[in-house]
Amino acid sequence: MRGALITVEGVEGSGKSTQCRRLAALLRGRGLEVVETSEPDGTPLGQAVRGLFELEPRPSPLTQAFLFLAARQEHVTRVIQPALARGAVVLSDRYTDATLAYQGYGQGLDLQTIHELNALATGGLLPDLTLLLDLDPGVGVRRIAGRPLDAFERMDQAFHHRVREGYLELARADKRRVLVFDAAREPDLVHADIARAVDEFLGRRGAPRGA
Ligand code: TMP
């Protein structure tokens, strides 16, 4: 049986990595094989691509999309598809929606173009479920203050607000797939809601095989 692809999205500082870690531990505790991964870092190529966003002048939004999509194609081919074929749950910190939110809504790149590029890069592999951690970007920025910031984290507040609104728009357009969680709350409360939603989702589709 094919596994399940669950993606986690949100603005900077929304707590994605913490929630991914906790959800992975929960699912493993239930005997499922879980592959925790992220974009763009999920492959060596993706890790190499990350540094290119720091170049000056900053790559254009379309160039950024090409770079993220090159990383996505490697990620899908080398990590995600093989894991799904084994029946694993793949938990990816960012995936297709990130390009729509950051390069599309955030920087004005045509959304239809991004949809087409996403389809090409992923061979049409859509997430089965997307957990959107929604947070006021002002709160997110305060949470990450003090650590070195990457090129996107350094962008202005207006950009981060467009990204947040873009994610919410994507959630409104696909309510069945994208579930929105209020990430301003205590991490324990967010985790409890996510755990409930993922249990429901796995129950609905018939849980993938255990490890
Ligand atoms: P992070 O998720 O580890 O913070 O780093 C990824 C950064 O790259 C984050 O600022 C969002 C950005 N990004 C895009 O702009 N487009 C994409 O398609 C992806 C996957 C990430």
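1. Start with Thr 130. Its side chain makes a polar contact with the side chain of Thr 7, at 2.8 Å. A polar contact here is a pair of N or O atoms within 3.5 Å; within protein, one must be able to donate a hydrogen and the other to accept it, and residues adjacent in sequence count only if both atoms are side-chain atoms.

2. Basis of the values. This is a predicted model, with local features requiring pLDDT of at least 70 and side-chain atom pairs pLDDT 80 or more, while totals for chains, interfaces and linings use all residues. Numbering runs from 1 along each chain as its sequence is written, and side-chain values use heavy atoms, without hydrogens or water.

3. Helices (H or I, at least four residues) and strands (E, at least two) are DSSP runs, numbered from the N terminus. Thr 130 is buried, at a relative accessible area of 1%. Buried means under 20% relative accessible area, exposed over 50%, and partly exposed in between (1.4 Å probe, protein chains only). Not counting residues up to four places away in sequence, Thr 130 touches Thr 7, Glu 9, Asp 97, Arg 177, Val 178 and Leu 179. Contact means heavy atoms within 4.5 Å. Ile 6 is 124 residues away along the chain, yet its C-alpha is 5.7 Å from that of Thr 130.

4. Val 35. This residue sits in strand β2, residues 34-38. Val 35 counts as buried because its relative accessible area is 16%. Beyond its neighbours within four places in sequence, Val 35 contacts Val 79, Ala 83, Arg 86, Ala 88, Val 89, Val 90 and Leu 91. Take Ala 88: it is 53 residues from Val 35 in sequence, but the C-alpha atoms are 6.8 Å apart.

5. The ligand site. There are 13 residues around the ligand, and Glu 12, Arg 50, Arg 94, Thr 99 and Gln 103 come nearest. A residue is near a molecule or strand if one of its heavy atoms lies within 4 Å of it. On its own, the ligand has 470 Å² of accessible area, and the protein covers 91% of that. Areas come from the Shrake-Rupley method with a 1.4 Å probe; for residues, only the protein chains shown count as cover.

6. Arg 94 again, now for its backbone. Phi is positive, about 80°, although the residue is not a glycine. Arg 94 is placed in the loop between β3 (89-93) and α4 (96-105). Its relative accessibility is 12%, so Arg 94 counts as buried.

7. Two cis peptide bonds. Glu 39 to Pro 40 is cis, with omega near 5°. Pro 40 is in the loop between β2 and α2 (44-50). Glu 56 to Pro 57 is also cis, with omega near -5°. Pro 57 lies in the loop between α2 and α3 (61-86).

8. Thr 122. The residue belongs to helix α5, residues 111-122. At 5% relative accessible area, Thr 122 is buried. Its side chain reaches the backbone oxygen of Asn 118 at 2.8 Å. Setting aside residues up to four places away in sequence, Thr 122 touches Arg 72, Val 76, Tyr 95 and Thr 96.

9. Glu 153. It lies in the loop between α6 and α7. Relative accessibility is 10%, so Glu 153 counts as buried. Its side chain makes a polar contact with the side chain of Arg 147 at 3.1 Å. The side chain of Glu 153 also reaches the backbone nitrogen of Asp 150, at 2.8 Å. Residues up to four places away apart, Glu 153 touches Glu 12, Ile 144, Arg 147, Pro 148 and His 160.

10. Packing of α6 and α7. Helix α6 (residues 137-144) and helix α7 (residues 157-173) pack at about 115°, with axes 9 Å apart. Axes are lines fitted to C-alpha atoms, for helices over the stretch in contact; angles run from 0 to 180 degrees between N-to-C directions. Pro 137, Gly 138 and Val 141 of α6 meet Gln 157, His 160, His 161 and Arg 164 of α7. By class, that contact has two nonpolar, four polar and one charged residues. Ala, Val, Leu, Ile, Met, Phe, Trp, Tyr, Cys and Pro count as nonpolar, Asp, Glu, Lys and Arg as charged, and the others, Gly among them, as polar.
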